[in-house]
Amino acid sequence: MSKAEKGRSGNLNIEQMGSLKHWGAPPSSIADELDKQAVVDCGWGRLIFGQTFRSSRQLADQLRDESLGRRDVALYSRDPQVVVSQAPQELFIDPSLTYRLNLEYAELADMVGHGIEIRPIADASDVEQVNRIYKARSMVPVRDGFFDYQSTHPELHVLLAVETASGQVVGCVTGVDHHLAFDDPDNGSSLWALAVDPQCLHAGVGEALVIALANRFKAAGRSFMDLSVMHDNEQAIRLYEKLGFFQVPVYCIKTKNAINELLYVGPKNDEELNVYAQIIVDEAYRRGIVVDIVDAAGGFFDLSLGGRTVSCRESLTDLTSAVAMSRCDDKAVTRRFLARAGLHVPEQELLKDEEQALAFLQRHQRIVIKPARGEQGIGVCVDLSEPADVRAAYALAAGFCDRVVGERFVSGDDVRIIVINDEVVAAAVRRPASVVGDGSRSIAELIQKQSRRRAAATQGESVIPMDDETERCVKDAGLTMDQVLPRSQRLKVRKTANLHTGGTLQDVTNRLHPELVKAAICGAQVLDMPLVGFDFIVPDLEGPEYAIIEANERPGLANHEPQPTAEKLLDMLFPQTALANR
């Protein structure tokens, strides 16, 4: 048997390992561990080592002592069904699989791509970035003070993947050294809370973190590294098996709480909702508000509480009047209302034909052409400077709406600002879809790969179209689709920063200049919108200059982590639940 085959088979004596023998009497090797009741605080919850508990009652009681808002995990339990029977209304066996990597035989070369650094967590600001990623992935954030705690607990290893150019944390993983935690006779370790920023442009970040943690534990002399993965996460399972992990008979026990609800009650009837509707529905469920899915494909649902029902389509609700909605629906009308209020908007003109569009280009040199009505960036062409491109853009926009708008192009960052109930609750810089070269793939291949990653991160809502507009952007950069992009070179492949065409969001809520906040709130009041998403172009996020280019009556509330967008919407719709939420 080759070394690789031994590593994959594990070459293990299950009945002699406390981490694997999950039935009957414990093996003699852990006789001295049975009263340790070992628990490790991982920040998002506790890892409870079931093999260190003498009785199922003791383990059940430990799980029932879970703190509010945390997600404890009991692993390596003997007779897990018996543990659950001690409190069947409070505990359940998690539908996950446990995989093990035999570190003795593992030979994993560090896989750090160009532009990415793997390093330990360094300070409290790193924790903020980790929590941003966890919230974006619907995971439990780590508690306040966790950085100081883990820095004095050597059994905890928190590794970060950092983009070297920006210093941004784009991935994280937690490791637990079982030997340091409780003198584990099996000499094990485990991997937890692996997460990659859904906005990350770099491939292989998760794999690099797994390898880095495995090599760290191997260097420390540990025998194996375990991890828990949902049974239906086929992509992750394929990755782990490729790295040499194999499944072992270990089961997770968790408490029945709001965080774990889907794991023990099964899928709700709204599983087909898109991410923008789902974020609101999940918050409603959490508050005890009744949800009735009217049309999942269209994002229509009703929310009911105390005899009152509010009909919604994603973030658009009954509270928005038809008149207010019409002010946002037509881009020319929106501009007139905002301009009359003294808010800054770019020059705009309704274009009757191509000749008028070319005359508009002649006056402004760089322009935007878009349908007067529409959403999700459909039919919008940005930063046009050539007559041929203007003609093509006019024809495209006219195909979506009988009224076409020309607008002076404004340079700067594209910032989406969400206003709910006259309060700015979130602001994010919207970046156009981009790819990073690896020195081997063509631009077309990079676009397709990045598009798949964006689709996976947004439940299919964000993809990069392989259309004429994408080809124009590549051509404007002096490149072609079949060219290989040099390693680490970044290329914008769309001009618009719309999420639906592969754009990404970076939270900047706390960096907005007060004038931008004031303008957004004034705009919402002028349009009489209880909830609205404005698209600002700003030369400097922390400066007062701006131009409002659009208002969206149904902005997506997802991907604005860590800002509480859905929470603020529910506070407005059902204010009686706001106090309980806080």
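This is a predicted model: local features need pLDDT of at least 70, side-chain atom pairs count only at pLDDT 80 or more; totals for chains, interfaces and linings use all residues.
Visitor: How many cavities of 30 Å³ or more does the structure hold?
Guide: Rolling a probe the size of a water molecule over the atoms shows where empty space is left. With a cut-off of 30 Å³, the count for this structure is 3 cavities.

Visitor: How much space lies in the largest cavity?
Guide: Its lining includes Lys 331, Glu 407 and Ile 548. The space in this largest cavity comes to about 70 Å³.

Visitor: How do the residues of the lining of the largest cavity divide into nonpolar, polar and charged?
Guide: The division is 6 nonpolar, 2 polar and 4 charged.

Visitor: Which helix gives the most to the lining of the second largest cavity?
Guide: This cavity has a volume of about 50 Å³. Val 127, Val 130 and Tyr 134 are among the residues that line it. The top contributor, with 3 residues, is helix H4 (residues 124-136).

Visitor: How many charged residues are in the lining of the second largest cavity?
Guide: The lining includes Ile 121, Val 142, Phe 146, Val 158 and Thr 174. It divides into 7 nonpolar and 1 polar, and the charged count is none.

Visitor: Is Arg 430 buried or exposed?
Guide: Arg 430 sits in strand S22 (residues 423-431). Its relative accessibility is 10%. Buried means under 20%. Therefore Arg 430 counts as buried.

Visitor: Which side chain does Arg 430 join in a polar contact of 3.2 Å?
Guide: Leaving aside neighbours within four places in sequence, Arg 430 is in contact with residues including Asp 414, Arg 416, Asn 498 and Asp 535. The side-chain partner at 3.2 Å is Asp 535.

Visitor: Why does Val 310 count as buried?
Guide: Val 310 lies in strand S15 (residues 308-313). Beyond four places in sequence, its contacts include Phe 301, Leu 303, Leu 573 and Phe 574. Val 310 is buried because its relative accessible area is 2%.

Visitor: How far apart in space are Val 310 and Leu 343?
Guide: In sequence, Val 310 and Leu 343 are 33 residues apart. From C-alpha to C-alpha, the distance between them is 32 Å.

Methods. Residues are numbered from 1 along each chain as its sequence is written. Side-chain values use heavy atoms; hydrogens and water are left out. On a 1 Å grid over the protein atoms alone, a cavity is a set of points where a 1.4 Å probe fits but cannot get out, and a pocket is an open set with protein on both sides within 12 Å along at least five of seven lines; lining residues have an atom within 4 Å of a point. Grid points are joined across faces, edges and corners, and a volume is the space filled by probe spheres set on the points. Ala, Val, Leu, Ile, Met, Phe, Trp, Tyr, Cys and Pro count as nonpolar, Asp, Glu, Lys and Arg as charged, and the others, Gly among them, as polar. Helices (H or I, at least four residues) and strands (E, at least two) are DSSP runs, numbered from the N terminus. Buried means under 20% relative accessible area, exposed over 50%, partly exposed in between (1.4 Å probe, protein chains only). A polar contact is a pair of N or O atoms within 3.5 Å; within protein, one must be able to donate a hydrogen and the other to accept it, and residues adjacent in sequence count only if both atoms are side-chain atoms. Contact means heavy atoms within 4.5 Å.
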